[in-house]
Amino acid sequence: MATIIGIESTAHTFGVGIVRDGKIIANKRDMYTTESGGIIPMDSAKHHREVCEGIYAQALLESGINQDEIDAVAFSQGPGLAPSLLEGLKFSKKISKKLSKPLVPVNHCVAHLEIGKCRCAYSKLQNEGEGAKDPVLLYASGANTQVISYASGKYRIFGETLDIGVGNFIDNFARYAGIGFPGGPKIETLAKAGKNYVELPYVVKGMDVSFSGILTNLKQKLKKESYSVEDLSFSMQETVFAMLVETAERALAHVGKDELVLGGGVACNSRFQEMAKKMCNERGARYFCPEKSLLVDNGAMIAYLGEIMFNSGIKFENSESEDLDIKPRQRTDEVDVSWKN
Ligand code: AMP
Ligand code: MG
């Protein structure tokens with residue numbers, strides 16, 4: 001049995017989670033937001049610096065454990081924004097030194113997939129509270145949009161965006177419509193009031209997707225008074241979510257798997273969930289949508305995968321921690337998965 005603390009800081013969210021023996025016993029977070037405009041990396045890093053101690057204290061309080069009971073400090077090593085990742089690394093090293101406990105470097109995208117296997121990621125009502133066994137992950141977040149699954153010794157990307165992440169695409173559209181960051185939740189509300197489907201480009205290339213052309217098209221339509229922002233939000237959701245679900249379905253067929261896990265902030269969208277669930281039902285696949293607090297960036301998933309890695313012997317003692325650095329551009333398929341062998 002191990003007790004692992006997980007530190008998440010790849011982008012706008014600073015999170016601290018604690019996992020003991022595969023169970024989440026704390027998950028606290030704080031997100032950098034803006035009234036208007038997008039995310040400024042240096043400001044996001046400053047946010048993390050300001051909130052880290054407080055979130056750490058809150059997580060400990062929620063877990064009910066004493067910090068001496070922690071066996072290791074897992075942290076998000078990448079991919080992400082370098083200034084944000086550096087704050088997380090600095091804080092993780094500080095805690096690891098203070099507690100004299102080793103560090104465990106975790107890949108953020110793989111953590112999104114692995115948390116889908118955690119029983120306590122779901123309410124009892126969904127799948128009888130069971131986790132996925134060997135899923136395909138449809139990861140739809142701000143910066144990342146990927147379809148990932150484990151195959152032949154690696155986490156492989158079966159499909160991905162060829163340009164921007166779907167969340168960034170939605171936020172960019174929202175910003176153009178005068179909405180602050182994050183735009184996704186507000187766009188979801190506007191979309192519910194949309195009545196007319198406006199035709200937009202549908203861009204799927206094999207198992208990859210692309211959003212920049214749709215963004216340009218939407219911006220042009222927004223400039224014309226003849227389209228309402230509600231109708232455009234509705235049409236945007238119908239189009240891009242269909243694209244994502246299509247690529248996930250192709251990946252399921254390609255790798256011959258029958259479990260889909262959702263991940264990323266965009267997966268909080270109820271229309272997105274509905275479309276993914278429908279696809280799974282139609283092809284007899286099991287659908288797993290973790291609780292919202294585990295879909296978004298969070299420390300619990302870092303701690304959860306951190307515990308699996310730690311139990312397999314992956315750890316960096318204090319004397320070796322100088323060798324540990326952030327990996328802002330780490331690709332999912334570059335991750336050394338020695339813990340699975
Ligand atoms: P993440 O990077 O995974 O933390 O997710 C953040 C992204 O999720 C941002 O781009 C948000 O706009 C987006 N997002 C959050 N909630 C929703 C929602 N209900 N619908 C669509 N996008 C959302
Ligand atoms: Mg994420």
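A nitrogen atom of ligand 1 lies 3.0 Å from an N or O atom in the side chain of Asn269. This is a polar contact, that is, a pair of N or O atoms within 3.5 Å. The protein buries 93% of the 510 Å² that ligand 1 exposes when taken alone, with accessible areas from the Shrake-Rupley method and a 1.4 Å probe. Backbone atoms also take part: an oxygen atom of ligand 1 is 3.0 Å from a polar backbone atom of Gly142, and an oxygen atom of the ligand is 3.0 Å from a polar backbone atom of Gly184.

The model is predicted; local features require pLDDT of at least 70 and side-chain atom pairs pLDDT 80 or more, whereas totals for chains, interfaces and linings use all residues. Residues are numbered from 1 along each chain as its sequence is written, chains are lettered from A and ligands numbered from 1 in the order written, and side-chain values use heavy atoms, without hydrogens and water.

Ligand 1 sits in the largest pocket. A pocket is an open set of points on a 1 Å grid over the protein atoms alone, where a 1.4 Å probe fits, with protein on both sides within 12 Å along at least five of seven lines; a molecule sits in it if more than half of its atoms lie within 2 Å of its grid points. Helix 4 (166-176) and helix 5 (184-192) are the elements that give two or more residues to the shell around ligand 1, and helix 5 provides the largest share, three residues. Helices are DSSP runs (H or I) of at least four residues, and strands (E) of at least two, numbered from the N terminus.

Which residues come nearest to ligand 1? Of the 15 around it, they are Ser141, Asp171, Gly184, Glu188 and Gly265, where a residue counts if one of its heavy atoms lies within 4 Å. The shell comprises three nonpolar, nine polar and three charged residues, with Gly counted as polar.

The magnesium ion (ligand 2) is coordinated by His108 (NE2), His112 (NE2), Tyr139 (OH) and Asp297 (OD), at 2.1 to 2.4 Å. Donors are N, O and S atoms within 2.8 Å of the metal (3.2 Å for Na, K and Ca); water is not among the atoms, so sites may look incomplete. His112 in helix 3 (residues 108-114) and Tyr139 in strand 6 (residues 136-140) are 27 residues apart and link distant parts of the chain.

Finally, the backbone. Most residues other than glycine have a negative phi, and most peptide bonds are trans. The Gly78 to Pro79 bond is cis, with omega near -5°, and Pro79 lies in the loop between strand 4 (72-78) and helix 2 (82-99). Asp21 has a positive phi near 50°.

Note on methods:
Polar contact = N/O pair within 3.5 Å; in protein donor to acceptor, adjacent residues only side chain to side chain. 1 Å grid on protein atoms, 1.4 Å probe; cavity = no way out; pocket = protein on both sides within 12 Å on 5 of 7 lines; lining within 4 Å.
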